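Hi,

Here is the structure I promised to pass on.

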Amino acid sequence: MCSLPKTVCFLLTKYKYFTENFVHKNAVKMYQIVSATVGDIGIGAISRCPPPKKKRVGRPSRPVIKASALGAILVFAAIVAWCDYSASFHKASCLTTERLDLNKDGFAIRNQAGVVIFKMAFRSGTLDLDSCLKEGQILSCDKSNSGNVHFFIEMVKPKDTVECYRVRWDELNEHGSVEHVMSCGASHWYGGAEMWSQHWPMVLKGQHAPKPFITGWDETNRTLWFQARYNDSPYRPDPGNPHRVTLSYRVCVGPDVTSLHKYMVRRYFNKPNKVPSEAVFKQPIWSTGALEEVNQESVLKYAADIQKHGFNCSQLELYDRYPSGYGEFELDPIKFPNASLMFQKLREAGFKVTLWTHPFVNYNSVNFGVGVERGLFVRVPGSQLPALVSWWNGIAGILDFTNPEARDWYTLNLCNLKNKYGVESFKFDAGETSYLPQQFSTFVPLHDPSTFTRRYTEMAIPFNDRGELRSGYQSQNISCFFTVVDRDSVWGYTLGLKSIIPTVLSVSILGYQFILPDVIGGNAYSNLTVPPDRELYIRWLELSAFMPAMQFSLPPWHFDDEVVNIAKKFTTLHQSLVAPRVLELAGEVLYTGDPIIRPLWWIATDDEAAYKIDSQFLIGDDLLVAPVLEPGKQERDIYLPAGRWRSYKGEYFDKGPMHLTDYPVDLDELAYFVWAG
């Protein structure tokens with residue numbers, strides 16, 4: 001159901017070619033926030049159906065009985081012929097249900113006031129409306145301009161305040177494809193998946209044709225493209241319908257975005273079945289990624305320095321460079337001459353240790369031959385040869401997690417590490433379908449390659465209390481921590497500091513709530529003689545303190561005592577203020593699926609300004625966070641939604657909504673406000 005002044009549309013796609021961008025976090029889900037109407041850009045042909053024309057029939061004169069009977073028959077035939085013509089004329093122009101208009105070129109959805117709020121155009125073909133039928137709330141057609149199709153739109157009312165439209169187009173012609181184009185108009189769209197340049201709301205720049213796993217878009221016409229095809233794609237047809245290509249999705253309409261999100265999450269998303277380790281929410285993770293050398297001596301020194309500088313540690317993560325080869329499950333005996341003793345010392349000092357892992361086995365690893373012999377790898381189609389892939393640490397085979405033997409082998413090796421050294425858990429890196437070859441074969445055929453990501457994330461289930469995942473596909477119920485894609489040590493939206501809030505908000509509305517926003521300061525660790533910018537590191541640290549969990553790699557003492565003191569201040573603030581609220585919300589996630597980190601529009605659905613803010617966020621409904629994200633700034637503009645707010649300085653603001661211009665925020669501060677009623 002749609003109402004003015006704000007109308008919210010929800011799109012859930014479930015189609016056979018494009019799912020999500022870069023990191024696969026459930027099905028593509030987007031929200032549209034519109035005013036009274038959506039512009040006609042790119043889809044102007046879709047309009048409200050005209051009423052059928054009526055024709056007056058004259059009253060016959062009174063004839064003799066035989067002539068009267070013949071005349072009645074002729075009049076009846078004429079009426080039937082006119083009705084057939086009228087119905088055919090009406091079909092040929094438009095079909096409609098209560099608030100849906102279907103044209104041969106696409107469809108439009110109207111709100112209760114009759115205003116068009118959503119438009120979708122059919123780019124790959126047009127419907128033959130003479131082949132269409134209307135049965136109740138279902139419109140179905142079986143022909144297009146290119147041949148036979150199975151097409152339907154069904155309107156359902158799951159709630160009084162929500163209307164949903166199920167759309168499906170089955171292209172029955174061999175080598176066919178289906179492409180629909182959605183008008184974005186001047187509205188705001190949220191969701192999708194992780195991208196290199198992340199914005200909130202989504203920003204469409206340039207023109208990009210659809211590619212595997214990446215939805216296409218057109219900045220000029222303000223459209224998004226959804227395409228289904230099997231030719232030149234990693235998707236595989238259903239063996240029972242080898243020529244059928246299917247594009248299916250749902251569009252749901254509601255009065256405001258918050259209530260619609262609540263409904264959709266409860267209806268369509270998996271939810272975590274438990275809250276992972278409380279310690280990780282309270283105390284930071286420390287990763288060895290920034291160490292110049294990873295060996296027994298450097299790891300023990302790193303741990304000692306953490307304690308010497310007065311920091312807590314939920315877990316110490318050995319990241320990369322510790323195994324003897326990529327794809328081997330043992331510590332390098334040269335780097336770690338007495339690994340058992342090292343782990344013992346770490347345990348005695350109170351450290352819980354996790355290890356980095358991944359799905360790759362490099363061709364020069366001793367386990368590569370094992371994988372080939374036992375058929376553990378994703379294969380070249382029609383062959384038993386492993387399909388080699390390139391990843392950031394070399395050329396490798398990728399384990400086939402649809403194969404029970406590969407799953408058992410991988411799990412057994414992780415368990416052996418856990419039991420041998422007392423390892424607590426693992427960071428499961430990679431897993432995105434972008435690391436699969438363009439053409440490949442698996443033990444269990446994958447019609448949807450994203451299923452591979454789901455199978456990989458399932459490997460974390462035995463270790464999920466302290467485990468980390470980087471990718472996911474319908475994986476919200478794995479119940480571990482999800483880390484965003486590695487950030488660079490820069491300020492901007494392209495994998496920089498400014499991208500963190502848009503990324504976390506996007507991941508959150510997809511149902512992934514236990515978020516790690518990557519390591520503090522980004523990943524500029526290749527040349528530590530030129531460290532990341534000091535100010536950037538501090539502002540990154542402050543923002544991380546208000547995320548569900550914190551993670552260090554480059555330690556604060558790499559800079560100076562002031563940075564160490566700021567780090568102590570914010571890790572303490574995280575543990576005392578943020579973590580208790582996050583843990584309370586984490587418990588609610590199990591039942592509601594509501595995000596822990598929320599956009600401002602969550603509590604201000606009628607506030608147009610709230611829909612555009614990408615540098616502030618909420619923890620729950622009552623803690624508003626406004627970090628400084630610009631270099632050289634010790635002030636920032638802050639927007640407060642309606643209500644009474646108390647600042648971290650003790651000030652009260654109760655005339656909202658309001659803009660605070662150039663609000664002072666020192667280098668060792670982050671502005672936050674608590675709801676005061």
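A salt bridge here means a side-chain nitrogen of Lys or Arg within 4 Å of a carboxyl oxygen of Asp or Glu. By that rule, the structure holds 33 salt bridges. Bear in mind that this is a predicted model, where local features need pLDDT of at least 70, side-chain atom pairs count only at pLDDT 80 or more, and totals for chains, interfaces and linings use all residues. Residues are numbered from 1 along each chain as its sequence is written, and side-chain values use heavy atoms, leaving out hydrogens and water.

K262 sits in helix 2 (residues 257-268) and D594 in the loop between helix 11 (561-592) and strand 28 (597-598), so the pair ties together parts 332 residues apart in sequence. (Helices, H or I with at least four residues, and strands, E with at least two, are DSSP runs numbered from the N terminus.) D594 is buried at 7% relative accessibility, while K262 is partly exposed at 27%. Buried means under 20% relative accessible area, exposed over 50%, and partly exposed in between, using a 1.4 Å probe and protein chains only.

Then there's a network: salt bridges link E98, R99, K157 and E163. Within it, E98 and R99 have their closest N and O atoms 3.4 Å apart. R99 is buried, at 9%, whereas E98 is partly exposed, at 40%.

Finally, K612 and E608 also form a salt bridge, at 3.9 Å from N to O. K612 is partly exposed at 49%, and E608 is partly exposed at 30%.

Cheers
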